[in-house]
Amino acid sequence: MKKYIVETYYTCTFKTIHTLDNLDENQLSKIDERKDGDVEVIDVKLNNRKTKKIGEKKQEKVKDVKINNPISNEIKDNLLQQKKVDNLNTPNIKIKNKARFKMPDRRKGYIQKAQIGDHKVYLHTGEYDDGKIGEIFIDTNKEGELVKAMMNNFAIAISLGLQYGVPLDEYVDAFIDTKFEPSGNVQGNDRILSASSILDYVFRELAISYLGKEELAHTPSIVSAKIPQNETADDKFLKIVKNITSKGFVRSNLEEKLVDLSNVRINLKTKN
């Protein structure tokens, strides 16, 4: 039994089986003239390599052994079919994910100023139309060029992750309770009183504002529900909306952009 790798459009391994009465030099010298061997395909690989012999090493080396038997049409069909199957099963690993949800050109958000130790931190957020956060910016007052560049690029990396669909929960779990200076008491934030680092403060603020994680806040949320005697419910509702809506974002057209759905009723009953 002899094995050869034959180079065509691909590399295939097959074997030719001859039956020898006696293993001697006389029989081996006549093996090229024999046409009764059986050809069997062993393997097909999609690469280009030079023709060479493979197999176990033998004590007696036979030189200039060639196969003159032509490959039958049935074997050619099997090889072509195997090539098609390999092409279908080969995954395309160069596919680039382009599922980025870019921010709108005019977007909502807020700016939170706070002081951690002697450092003032300004947190800027950008939101999609549905209120979901899509970007952040972090500025501090005491920083050199290196720290400023690192903070800016860190905020860009977080923003790109949010726009590609990374949940905010993952960032919160990763950066909450990180410890480095500046740290200590927080002034200017009504929900956070202390932070172990700037990142701890930033993602604690985002978790409270956008994820509703009240367990990360140090003070309870206080909302007054009392209505003055001379103020109607509609007036109170409009006042609340004015307090939480950016006047610059709506360009002072608050009443035109406000849609009151308090009297809308939706019938969810289905017909049997």
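**Strands, helices and rings**

Mentor: Start in β9, where Ser 194 is the bridge partner of Asn 185. Strands here are DSSP E runs of at least two residues and helices H or I runs of at least four, numbered from the N terminus. Keep in mind that this is a predicted model: local features need pLDDT of at least 70, side-chain atom pairs count only at pLDDT 80 or more, and totals for chains, interfaces and linings use all residues. Residues are numbered from 1 along each chain as its sequence is written, and side-chain values use heavy atoms, with hydrogens and water left out.

Trainee: In which sense do β8 and β9 pair?
Mentor: Antiparallel, over 2 bridges; DSSP has to find at least two bridges for strands to pair. They form a hairpin with 6 residues between them, and Gly 188 in the turn has a positive phi of about 100°.

Trainee: OK, rings now. How many aromatic pairs are there?
Mentor: The count is 5. Rings of Phe, Tyr and Trp (its six-membered ring) pair if their centres lie within 6.5 Å; planes under 30 degrees apart are stacked, over 60 edge-to-face, the rest tilted. Tyr 110 and Tyr 210 are stacked, 6.2 Å centre to centre with 25° between the planes.

Trainee: And why is the pair of Phe 175 and Phe 203 called stacked?
Mentor: Because their planes are at 20°, with the centres 4.9 Å apart. Phe 175 lies in helix α4 and Phe 203 in helix α5, so the pair ties together parts 28 residues apart in sequence.

Trainee: Are those two buried or exposed?
Mentor: Phe 175 and Phe 203 are both buried, meaning under 20% relative accessible area, with exposed over 50% and partly exposed in between (1.4 Å probe, protein chains only).
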